[in-house]
Amino acid sequence: MTSGAEPISITRGQGGQVEVEGVIDPLARDVLRRAGFLFEPSLRGPWVRLPFDMGRDWENEHATWAAEMLSAARYPVRLDPDLRHDAPAPVVASGPRRPAMTAQAPPGRAPRR
């Protein structure tokens, strides 16, 4: 990709749908399909969007994944800040650790030997 190329924009539209705009070549098309985007025919060309009603977390995860893959392929990408899927905070253990549990027979049943 050239540095002057128009960025591929991944945004949330007015109706709440996640869609892609920009020049999409065959490689970018494959990347977007891999991330779950659909290519719907329309009068102005293909409408590139994620499926409806999958939930904001799912949409954000797939939009971020698409942006990361496109960036890795050296495409200029613009991802709406509200679509960023933040990694969950690391779980910090508090208190003493419990010993590992071993498999036990259900109540009323003798252990297997």
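Me: Is aspartate 82 buried, partly exposed or exposed?
Reply: Aspartate 82 counts as partly exposed, at 40% relative accessibility. Buried means under 20% relative accessible area, exposed over 50%, and partly exposed in between, with a 1.4 Å probe and protein chains only. This is a predicted model, where local features need pLDDT of at least 70, side-chain atom pairs count only at pLDDT 80 or more, and totals for chains, interfaces and linings use all residues. Residues are numbered from 1 along each chain as its sequence is written, and side-chain values use heavy atoms, with hydrogens and water left out.

Me: Which residue forms a salt bridge with aspartate 82?
Reply: Arginine 12, with the closest N and O atoms 3.8 Å apart. A salt bridge here is a side-chain nitrogen of Lys or Arg within 4 Å of a carboxyl oxygen of Asp or Glu.

Me: What does that pair tie together?
Reply: Arginine 12 lies in strand E1 and aspartate 82 in the segment after strand E5 (77-79), so the pair links parts that are 70 residues apart in sequence. Helices (H or I, at least four residues) and strands (E, at least two) are DSSP runs, numbered from the N terminus.

Me: And arginine 12 itself, buried or exposed?
Reply: Buried, at 14% relative accessibility. Arginine 12 also forms a salt bridge with glutamate 59, at 2.7 Å between the closest N and O atoms. Glutamate 59 sits in helix H2, so this pair connects parts 47 residues apart in sequence. Glutamate 59 is buried too.

Me: How many salt bridges in total?
Reply: Four by this rule. One of them joins the side chains of glutamate 40 and arginine 49, at 3.7 Å from N to O. Glutamate 40 is partly exposed, with a relative accessible area of 28%, while arginine 49 is buried at 9%.

Me: Which residues end up in one network?
Reply: Arg12, Arg56, Glu59 and Asp82, joined by salt bridges that share partners.

Me: Switching to the core. Which residues touch the most other members?
Reply: In the largest nonpolar core, which has 19 residues, they are Ile10, Val18, Val20, Leu32, Phe37 and Leu70. Such a core is a set of buried Ala, Val, Leu, Ile, Met, Phe, Trp, Tyr and Cys residues joined through side-chain atoms within 4.5 Å.

Me: Which elements supply it?
Reply: Strand E1 (8-12), strand E2 (18-21), helix H1 (26-34) and helix H2 (56-72) each give at least two residues. H2 has the largest share, four residues.

Me: What does leucine 32 touch?
Reply: Val20, Ile24, Phe37, Phe39, Val48, Ala66 and Leu70, leaving out residues up to four places away in sequence. Contact means heavy atoms within 4.5 Å.
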